[in-house]
Amino acid sequence: MALRILTALAGLALGLAALPARAETVIVTAARMIDGLGNAPVERPQITIVDGRITAIGHAGDAAPAGARRIDLGARTLLPGLIDMHVHLTHDPRLSGYNRLNYTDSFWTVVGVANARRTLEAGFTTVRNVGAADYADVALKQGIEGGYVPGPRIVPATYAIGATGGHCDDTEFPPSVTTPADNIANSPDQFRALVRKLRKYGAEVIKVCMTGGVLSKTDSVGAQQISAEEIKAIVDEAHMLGLRVAVHAHGTEGINTALRAGVDTIEHASLADAESFRLARAHGAWFDMDIYNDDYILAEGAKNGLFPESLAKERAIGLKQRQTFRAAHAAGVKLLFGTDGGVYPNGDNARQFAKMVEWGMTPMEAIRAATGEAAIALDRSADVGAIAVGRYGDLIAVSGDPLADVRRLEHVEVVIKGGAVVKGE
């Protein structure tokens, strides 16, 4: 008897599982809406989300499907979920320099879980993670998509790749200490093979260290480290595989060589010149400039264990990068919102908006850099970056008007991802 009951229940469960899930309908209303595409704000919007995607945009009071769940955000301003184009979720700036050696390799994935939640709750529903060891960003993406942990939608790069002795290599150890070289290559053919390997294991963008950097110990911040032939091989291979290429580059020659090779985004771009601007416009490339984190590095870096050499490089380049940002904007270069989260605490990403406005952008331009423009650069404009029919129901809400005070975005009160409230009422 018991066996027959269990068999019947199992059959019922299988039958229910075979039925299509009933699509959930959510109606979101607010005082006003900024759509992420640069259009004028809309008063009293009504957004309909069905099964996680936006199906209609109207005005409060419009007809709505019966039985829909309603989310009224009152006097708040509604925006698309924000996009940060340059983060490292598995980094913690408080554990800089040699301090990180106190922790086992898998510890950093746990750090990523905590940072993913902070980033999502700050209003960033999509991020491009441009460098993580051990494929930890792929693991994090899978955990979020599987519902195991909360976090943003992740476009992972896996390892950031570079040359021996370069910014993406471990340069802080003596010859007697060897480190894995999963991300290091030294010829066009080796780099082609490395791109294929990263794609095999989950990379959706390729990140390349083209020049020296600030946080590496022994290299010059602006020196080119990858040849023209090597970066061309990387770009050709990545584009053939349908991947875009993000290039870490501070120095002028490295920036210009990368742009001539056809890269998609230049990260940092600190010493870009007029020729860089011309090449970026000609090739349709974006600059992704982290002009907030200089404040954090100089204020907190020493006590966090940052190498003295790194602090010296930041003092030399931080102001220049901001001046280049202003010049690039004036020259008509396409600019994105990318903060280098992980160099400062993940979750404080929105502090960069005020810097972008201080150094030449309007609030609307800064918002578009983190919404509609970022989605285009990610090749995800069918899914994210705007409040538009067909895209995911990824929304945030703030009090007041961020077009009048962009710092409102530092205090996101409500976060909705795929039609589900993950923060707020």
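Predicted model: local features only at pLDDT ≥ 70, side-chain atom pairs only at ≥ 80, totals over all residues.
**Exercise 1. Work out where strand E6 sits in its sheet, and which residue of E6 is the bridge partner of isoleucine 27.**

Step 1. Write down the strand order: E5-E4-E1-E6. This is an open sheet of four strands with mixed pairing.
Step 2. Find the edges. Strand E5 (53-59) and E6 each pair on one side only, which makes them the edge strands.
Step 3. Neighbouring strands here are turned by 20° against each other on average, direction ignored.
Step 4. Look at E1 (residues 25-29) and E6. They run parallel and are joined by four bridges.
Step 5. Name the partner. Isoleucine 27 has arginine 70 as its bridge partner in E6. Ile27 is also among the contacts of arginine 70.

**Exercise 2. Determine whether proline 93 is buried or exposed, and what it touches.**

Step 1. Proline 93 is in the loop between strand E8 (82-87) and helix H2 (107-121).
Step 2. Compare its relative accessibility, 6%, with the cut-off for buried, under 20%.
Step 3. Proline 93 therefore counts as buried.
Step 4. List contacts, again without residues up to four places away in sequence. Proline 93 touches Tyr296, Asn304, Gly342, Val343, Tyr344 and Pro345.
Step 5. Examine one of them, valine 343. It is 250 residues from proline 93 along the chain, yet their C-alpha atoms are separated by 5.2 Å.
Step 6. Arginine 70 and isoleucine 297 are 227 residues apart in sequence and 43 Å apart in space, C-alpha to C-alpha.

**Exercise 3. Identify which residues touch the most other members of the largest nonpolar core.**

Step 1. Turn to the largest core, of 71 residues. Ile206, Ile231, Val247, Ile266, Phe287 and Phe353 touch the most other members.
Step 2. Follow phenylalanine 353. Its contacts beyond four places in sequence are Leu82, Phe124, Phe337, Ala366, Ile367, Ala370, Val406 and Leu409.

How values were computed:
Residues numbered from 1 in each chain as written. Heavy atoms only, no water. Contact = heavy atoms within 4.5 Å. Pairing = 2+ DSSP bridges. Helix = DSSP H or I, 4+ residues; strand = E, 2+ residues; numbered from the N terminus. Axes fitted to C-alpha atoms, helices over the stretch in contact; angles between N-to-C directions. Buried < 20%, exposed > 50% of the residue type's maximum accessible area, 1.4 Å probe, protein only. Core = buried A, V, L, I, M, F, W, Y, C linked by side-chain atoms within 4.5 Å.
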